[in-house]
Amino acid sequence: MTFAEKPKPVAYCAGCNMPASIEVVGTSCRNGDCNGTYKGAGAADEWMRCAACDGTGKVGTAFCETCHGSGWTPVRP
Ligand SMILES: [Zn+2]
Ligand SMILES: [Zn+2]
């Protein structure tokens with residue numbers, strides 16, 4: 001079985017993990033109350049497939065809140 005794996009995000013918010021586009025790196029997150037700053041995602045191994053949705057961005061028919069629908073979560077030290 002194959003499924004379309006989503007491309008890894010190029011940037012994400014350090015506060016809430018919200019995936020973002022490269023243009024917003026260094027700016028503040030606009031996700032609700034989050035005061036985080038967007039960072040470049042860097043190397044591919046800084047991301048792992050979201051365990052909650054198995055990389056699909058959805059849990060059943062619902063939007064995956066763990067990865068904000070991106071299918072990926074940042075690996076943190
Ligand atoms: Zn944020
Ligand atoms: Zn997910």
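1. Let's start at C50. With 22 C-beta neighbours inside 10 Å, C50 counts as buried, because a residue is called buried if 20 or more other C-beta atoms lie within 10 Å of its own, exposed if 12 or fewer, and partly exposed in between, the C-beta atoms being placed from the backbone.

2. Before going on, a word on what you're looking at. This is a predicted model, in which local features need pLDDT of at least 70 and side-chain atom pairs count only at pLDDT 80 or more, while totals for chains, interfaces and linings use all residues. Residues are numbered from 1 along each chain as its sequence is written, and chains are lettered from A and ligands numbered from 1 in the order in which they are written.

3. Now the overall picture. The protein chain has zero helices and seven strands, where helices (H or I, at least four residues) and strands (E, at least two) are DSSP runs numbered from the N terminus. Going along the sequence, you read β-β-β-β-β-β-β. The protein chain has 77 residues, and 27% of them count as buried.

4. Contacts come next: two residues are in contact if their C-beta atoms, placed from the backbone, lie within 7 Å. Take the contacts in the protein chain between residues at least 6 apart in sequence, and 35% of them join residues at least 24 apart.

5. Back to C50, which sits in the loop between β4 and β5. Setting aside neighbours within four places in sequence, C50 is in contact with G55, C64, T66, C67, G71, W72 and T73. C50 and G69 are 19 residues apart in sequence, with 9.4 Å between them in space, C-alpha to C-alpha.

6. Is D54 buried or partly exposed? With 14 other C-beta atoms within 10 Å, D54 is partly exposed. Have a look at the backbone here too: phi of D54 is near 60°, a positive value in a residue other than glycine.

7. Next, the sheet. Three strands form an open sheet in the order β2-β1-β3, and the pairing is antiparallel. The edge strands are β2 and β3 (38-40), each of which pairs on one side only. Pairing here requires DSSP to find at least two bridges between two strands; β1 and β3 have three bridges, in the antiparallel sense. Y12 has K39 in β3 as its bridge partner. As background, strands of a sheet pair through backbone hydrogen bonds, either parallel or antiparallel.

8. N17 is worth a stop. You'll find N17 in the loop between β1 (11-13) and β2 (19-20), and N17 counts as buried with 22 C-beta neighbours inside 10 Å. Phi of N17 is near 70°, again a positive value in a residue other than glycine. Which residues does N17 touch, not counting those up to four places away in sequence? They are Y12, H68, T73 and P74. As for C29, it is twelve residues from N17 in sequence and 9.8 Å from N17 in space, C-alpha to C-alpha.

9. H68 counts as buried, with 21 C-beta neighbours inside 10 Å. Leaving aside neighbours within four places in sequence, H68 is in contact with N17, M18 and P19. H68 and M18 are 50 residues apart along the chain, yet their C-alpha atoms are separated by 6.0 Å.
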